[in-house]
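Here's a set of exercises to work through with the model open beside you. Try each task before reading its solution.

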Protein chains: 2
Amino acid sequence: MPARRTHRPGLGSSSWRVLIGRPLRARETSTQRISPLEGLSALSLDALTSVAYGPEAIIVVLAVAGAGALHLVLPITIAIVVLLAILVFSYRQVITAYPMGGGAYAVSRANLGTAVSLVAAASLIVDYTLTVAVSIAAGVGAFTSAFPSLSSATVPLCLGILAVVTILNLRGLGETARAFLLPTLVFIVGLLAIIAIGLIHPIGSSIPTIGTSLVPTHDLHAVTVLLVLKAFSAGCSALTGVEAIANGVPLFKEPREIRARRTELLLGLILGLMLLGLAILAKRWHIGPRSGQTVLSQIMAEAVGRHWAYYIISLTITLVLALAANTSFGGLPVLASLVARDNYLPHLFSQRGDRQVFANGIWVLAGLSGLLLVAVRGNTNAMIPLFAIGVFIGFTLAQTGMVVHWYRLRPPGWRRRAMVNGTGALVTATATLVFLVSKFLEGAWVVVLAIPAFIFLFTRIHRYYDQLGVDLAINRVPGKPEASRTLVVVPITSVSKLSLHAISEALSLGDEVVAVSVVLEQGEESDEHERNLVRQWSEWDPGVPLTLLRSEYSSIVEPICGFIDELRDRTTDQIVVLIPVVIPEKLRYRFLHNQIDLALSASLRSRTDIVVARVSMPLAVLEAEPLGGQDPSTD
Amino acid sequence: MPARRTHRPGLGSSSWRVLIGRPLRARETSTQRISPLEGLSALSLDALTSVAYGPEAIIVVLAVAGAGALHLVLPITIAIVVLLAILVFSYRQVITAYPMGGGAYAVSRANLGTAVSLVAAASLIVDYTLTVAVSIAAGVGAFTSAFPSLSSATVPLCLGILAVVTILNLRGLGETARAFLLPTLVFIVGLLAIIAIGLIHPIGSSIPTIGTSLVPTHDLHAVTVLLVLKAFSAGCSALTGVEAIANGVPLFKEPREIRARRTELLLGLILGLMLLGLAILAKRWHIGPRSGQTVLSQIMAEAVGRHWAYYIISLTITLVLALAANTSFGGLPVLASLVARDNYLPHLFSQRGDRQVFANGIWVLAGLSGLLLVAVRGNTNAMIPLFAIGVFIGFTLAQTGMVVHWYRLRPPGWRRRAMVNGTGALVTATATLVFLVSKFLEGAWVVVLAIPAFIFLFTRIHRYYDQLGVDLAINRVPGKPEASRTLVVVPITSVSKLSLHAISEALSLGDEVVAVSVVLEQGEESDEHERNLVRQWSEWDPGVPLTLLRSEYSSIVEPICGFIDELRDRTTDQIVVLIPVVIPEKLRYRFLHNQIDLALSASLRSRTDIVVARVSMPLAVLEAEPLGGQDPSTD
């Protein structure tokens with residue numbers, strides 16, 4: 001009875017299994033899918049943590065015009081919150097209309113055509129990669145400012161966090177969401193509480209301020225429209241990440257559209273409240289940019305003083321900044337799977353791993369952002385100018401697509417909806433332009449080059465798959481299969497049970513069988529080997545001719561390939577090469593066997609005119625009593 | 001007409017070919033084989049360069065007893081030269097008696113039994129590895145003493161030289177010999193000339209001496225027998241390498257025994273002359289150990305002064321010291337091939353590479369000595385106590401074996417020959433013992449542990465091959481092969497030309513064909529895929545049933561393995577799994593194909609109850625016009 005073994009699902013060693021968890025059934029993925037609250041920790045940290053730099057970005061731009069301009073922070077923030085409301089409204093519609101996820105890609109594919117959807121896909125991929133790198137670098141940057149002695153370990157720390165986030169996502173987004181839930185809640189509740197305290201009864205306003213003000217004491221510039229536009233665009237960076245929920249709809253528990261819409265709304269409300277609250281406090285306390293102090297830190301210190309609450313929230317912000325990288329891991333693999341299903345990326349991206357996640361997308365995202373982190377050495381500033389452009393291109397395309405969507409379907413109230421989305425498209429397009437122009441030389445040109453490069457790649461891949469479909473006539477009814485005569489070639493080295501096994505198999509498979517043996521012309525020893533083989537073969541007389549292939553070279557692969565070429569010229573039979581292999585039970589015994597079967601398989605792999613088959617014999621040599629005795633059983 | 005391609009011999013990229021050279025025919029190896037003069041540069045540098053440390057070793061031991069003991073250097077050297085004569089005489093007989101090479105291993109295997117021959121093999125392997133590391137480290141050490149700024153690069157320099165020597169040997173020993181011929185000749189002719197000048201008309205004896213004498217001014221110890229014995233044994237290190245020619249007989253041009261014997265004699269004459277000449281000069285000029293000056297350097301300076309000749313020979317000595325590593329590359333691979341042929345090492349060692357050298361032995365020797373160099377950081381002193389013991393065990397066994405050899409064959413004059421070899425055996429055994437005892441704690445214990453470890457490995461390997469021979473009944477006439485019914489399982493993913501091709505092949509191979517397709521239960525999309533497949537299959541109606549394997553996991557490999565297990569229970573037919581594969585012409589397109597065939601092949605590789613076959617289809621998609629157009633040709 002030949003050996004048989006039960007195949008457990010999944011490859012990999014047990015230590016890998018401990019990290020990743022056992023393979024999951026498709027229906028078990030419900031445990032991996034996320035609720036609205038978990039959606040906040042898994043897909044919305046990018047957006048939520050932008051309160052750490054969004055208001056600051058506005059104030060820094062305004063401060064250029066002097067302290068007098070700082071009162072504009074509130075109206076600009078209100079405008080941004082209105083845009084946030086438009087985006088939330090819009091993406092909630094996108095979720096309903098495109099429940100397979102993909103956000104801007106799906107919307108523009110359905111409404112604006114393939115070409116535009118590829119722009120959306122490319123810009124989202126660029127931005128998701130940047131988001132991972134920027135968030136992790138920002139989190140590590142905040143951490144190493146607190147512990148300067150660790151700043152030499154910036155890159156290893158970045159890669160370490162990246163590894164943790166990657167492994168959590170390979171386990172499944174559900175686990176990631178639950179792992180991130182506590183810091184997310186501490187962050188949201190804590191910051192909202194601080195804002196509430198600040199608005200009602202500030203505790204810390206009498207404490208001394210830290211750092212020196214960076215606001216010019218006299219007005220340097222008039223407050224121009226361009227300046228307001230720049231401040232608005234800069235503040236718009238607070239909106240990045242709002243699209244992630246719509247991209248990752250399939251990650252939610254059923255009924256997924258409802259849960260995703262609820263998460264989007266929740267995100268909009270919390271983010272809007274935070275932005276408004278911070279803007280009101282910033283205006284009330286005349287907060288300006290200070291050296292060594294972020295705007296958020298100043299507001300928190302004024303509200304609750306530099307006590308434990310301040311430090312806990314500061315630490316939490318550091319942590320959730322790093323965890324915000326996860327937003328991309330929720331969005332990109334789903335997006336890539338959709339793009340792959342449309343034949344614009346390798347199909348590997350649409351295959352689920354054994355934890356039912358799109359593992360290939362996760363690996364590629366981790367690889368790309370890891371390279372980026374190493375390339376810029378974990379320096380956030382190098383990546384900031386590239387950031388947000390991709391997302392805002394996506395925003396613009398999604399909004400425009402929704403306008404077309406309403407126009408096509410014309411449901412009740414479509415004009416109002418189209419108007420809202422149209423406004424959103426106009427505003428986000430303006431912001432995209434301001435980003436591009438103001439940051440072009442600082443690095444935005446990289447994005448301008450990367451997006452067409454991705455689109456070129458997409459179209460090349462698509463053309464390959466198209467042609468593949470034509471060549472293979474996939475999904476077209478082919479002719480009837482016909483059996484043909486078969487000639488089996490069996491390479492052998494000696495007369496043995498293995499040869500018997502192989503020749504028996506060959507006789508079962510083919511109409512004609514030829515045994516071949518390569519004889520290396522290396523002097524007396526090989527001559528003797530040849531004489532022995534011929535004598536034993538005629539003694540055995542297996543009813544199959546033995547062809548000797550003499551070779552002056554030391555490789556045995558080439559003579560066999562040459563023999564097959566000759567056969568090919570002589571016969572129209574289907575040629576099968578049946579390679580006999582001994583499989584020792586322990587891997588370490590492999591070294592004791594000539595690896596000729598591997599070399600032969602590899603050489604024949606690229607030949608399309610033959611069928612390559614392996615017939616193996618089990619061996620249990622030395623297994624039963626490893627240090628002595630003999631166990632000749634072969635099962 | 002299916003695609004076909006001509007197979008060039010050998011794997012590897014063109015840059016590797018440039019390094020190693022094109023594959024050679026067996027008969028072309030005559031160009032790789034060496035003449036007596038080349039034998040000196042390829043196999044004798046280890047022995048010849050020992051004049052750089054042999055006389056010094058004697059003098060250092062004697063100097064412990066004060067300046068008065070130094071006159072013993074001449075009689076001790078004469079004794080060593082007599083031993084050299086015995087060894088040369090003996091190994092010339094070994095060459096004639098065992099022209100396949102292997103030296104001490106071959107002699108003791110034929111005359112002293114298997115167990116003793118394994119001791120010889122193990123000790124030679126240990127010593128050859130040490131020889132490589134010691135010679136390279138000594139050469140680099142001499143070089144970095146001249147250029148101290150390079151001493152931090154000791155390990156990279158060592159590994160660089162190791163790489164050069166390894167590559168030269170992979171090309172073939174002939175090329176190595178020719179590459180080393182010039183420095184070898186400069187070294188031999190130069191040093192003999194210096195000795196001659198010193199004996200006849202010294203030029204530099206009036207120049208000031210460098211360094212301070214390390215000889216005690218008054219006699220500290222009586223000159224005991226033990227001291228003389230220690231000095232003799234220490235000087236015996238000058239004899240290491242004398243065995244290499246007998247180990248590597250097959251490397252010589254035909255008639256190889258004659259050429260090898262000639263080389264051995266040449267080596268003996270040159271080495272004997274050098275040792276004697278140096279001893280006479282050392283005694284005449286009262287040379288003792290000095291700080292920062294070797295004995296050889298002192299003698300050279302006295303003979304020719306510190307002029308250009310002195311510097312050229314000093315530099316050459318540095319170079320040939322490093323090149324002496326080559327002796328092991330000549331000896332060990334041949335030895336390992338013989339041990340492998342006797343089933344005590346993996347058979348891989350007896351396979352010739354495509355340059356007809358024993359490439360696996362070369363690689364393993366390079367790997368082991370590279371590890372050793374890194375482990376001791378290129379420090380010669382750490383390895384010196386381990387050195388020479390292995391060779392002297394080999395000497396002793398070879399001499400003893402020759403005594404038995406003469407006694408067995410009893411040719412004319414056998415008593416005289418046996419007497420000579422018996423004396424040699426006694427003397428070398430004594431030297432081995434003195435080495436072992438005096439250096440045991442300094443590191444010789446490593447050798448004492450390593451040799452039994454190697455022997456344990458040899459016997460394990462031998463038992464495996466023995467059992468393998470029994471299990472496979474190699475060279476015994478097996479029963480008659482019989483054809484059995486065959487059931488072919490074809491995994492398919494869609495209805496296409498590839499499926500047609502695969503089913504046609506399956507019908508040609510088997511009596512019964514079953515197509516299987518794994519359907520992943522991952523929601524609507526996979527349900528639709530299933531419906532499509534079933535519909536298209538019934539439209540096609542290829543005359544073969546299609547079995548759908550539903551899986552909740554995302555792997556498609558496990559359901560197929562499970563199906564095969566089920567079949568195995570139902571039928572006694574031979575099961576063949578025929579995996580259809582698309583082979584794109586360019587490697588980079590592989591990423592666009594699911595690598596399911598690779599995963600499936602890997603999973604099924606260890607199953608011995610089935611035959612695994614691959615049927616491939618050529619694809620020339622996008623080849624003709626890479627940037628556009630379509631070329632549906634498949635040739």
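## Exercise 1: a residue in a loop

In chain B, B:His286 sits in the loop between α12 and α13. Bear in mind that this is a predicted model.

Now try B:Asp541, in the loop between α21 and β3 (546–551) of chain B. Here too a residue other than glycine has a positive phi, near 55 degrees. Its relative accessibility is 48%, so B:Asp541 counts as partly exposed.

## Exercise 2: a cis peptide bond

**Task.** Find out which form the peptide bond from A:Glu254 to A:Pro255 takes, then go to chain B and look at the bond from B:Glu254 to B:Pro255.

**Solution.** In chain A, omega for the bond from A:Glu254 to A:Pro255 is near -10 degrees, and the bond is cis. A:Pro255 belongs to the loop between α11 (244–247) and α12 (256–284) of chain A.

Over in chain B, the bond from B:Glu254 to B:Pro255 is cis, with omega near -10 degrees. You'll find B:Pro255 in the loop between α11 (244–247) and α12 (256–284) of chain B.

## Exercise 3: two serines

**Solution.** Take B:Ser135 to begin with. Set aside the neighbours within four places in sequence, and B:Ser135 touches B:Leu321, B:Ala322, B:Ala324 and B:Ala325.

Follow the side chain and you reach B:Tyr310, through a polar contact of 2.7 Å between the two side chains. For a sense of scale, pick B:Val576: 279 residues separate it from B:Ser297 in sequence, and the C-alpha atoms are 74 Å apart.

## Exercise 4: an enclosed helix

**Task.** Helix α6 of chain A spans residues 104–111. How many of its residues are buried, and what covers them?

**Solution.** Count along the helix: six of the eight residues are buried, so α6 is largely enclosed by the rest of the structure. The buried ones are A:Ala104, A:Tyr105, A:Ala106, A:Val107, A:Ser108 and A:Asn111.

Now look at what lies over them. The cover includes α5 (73–97), α7 (114–146), α11, α15 (326–341) and α18 (389–409) of chain A. One more thing to spot: just after α6 of chain A, A:Gly113 has a positive phi of about 95 degrees.

## Exercise 5: the two copies

**Task.** What kind of axis relates chain B to chain A, and what does the contact between the chains consist of?

**Solution.** Superpose chain B on chain A: the rotation is 180 degrees, the shift along the axis is 0.0 Å and the RMSD is 0.1 Å. That's how a two-fold axis relates its copies. The residue of chain B that comes closest to the axis is B:Ala613, with its C-alpha at 1.9 Å. Both copies use the same surface, as 100% of the contact residues of chain B recur in chain A.

Then size up the contact. It takes 114 residues from chain B and 115 residues from chain A. The two chains bury about 10,500 Å² between them, with 54% of it on carbon and sulfur atoms. Across this interface there are zero salt bridges, but 18 residue pairs are in polar contact. Elements of chain B that each supply at least two residues to its side of the contact include α19 (414–472), α20 (497–509), β4 (574–584) and β5 (610–619).

## Exercise 6: cysteines

**Task.** How many disulfides does the structure hold, and are A:Cys158 and A:Cys236 buried or exposed?

**Solution.** The count over all chains is zero disulfides. A:Cys158 has a relative accessible area of 1%, so A:Cys158 is buried. A:Cys236, at 0% relative accessibility, is buried too.

Note on methods: Residues numbered from 1 in each chain as written. Chains lettered and ligands numbered in written order. Predicted model: local features only at pLDDT ≥ 70, side-chain atom pairs only at ≥ 80, totals over all residues. Heavy atoms only, no water. Disulfide = S-S within 2.5 Å. Buried < 20%, exposed > 50% of the residue type's maximum accessible area, 1.4 Å probe, protein only. Least-squares fit on C-alpha atoms with pLDDT ≥ 70 in both. Contact = heavy atoms within 4.5 Å. Buried area = accessible area lost by both parts, 1.4 Å probe. Salt bridge = Lys/Arg side-chain N within 4 Å of Asp/Glu carboxyl O. Polar contact = N/O pair within 3.5 Å; in protein donor to acceptor, adjacent residues only side chain to side chain. Helix = DSSP H or I, 4+ residues; strand = E, 2+ residues; numbered from the N terminus.
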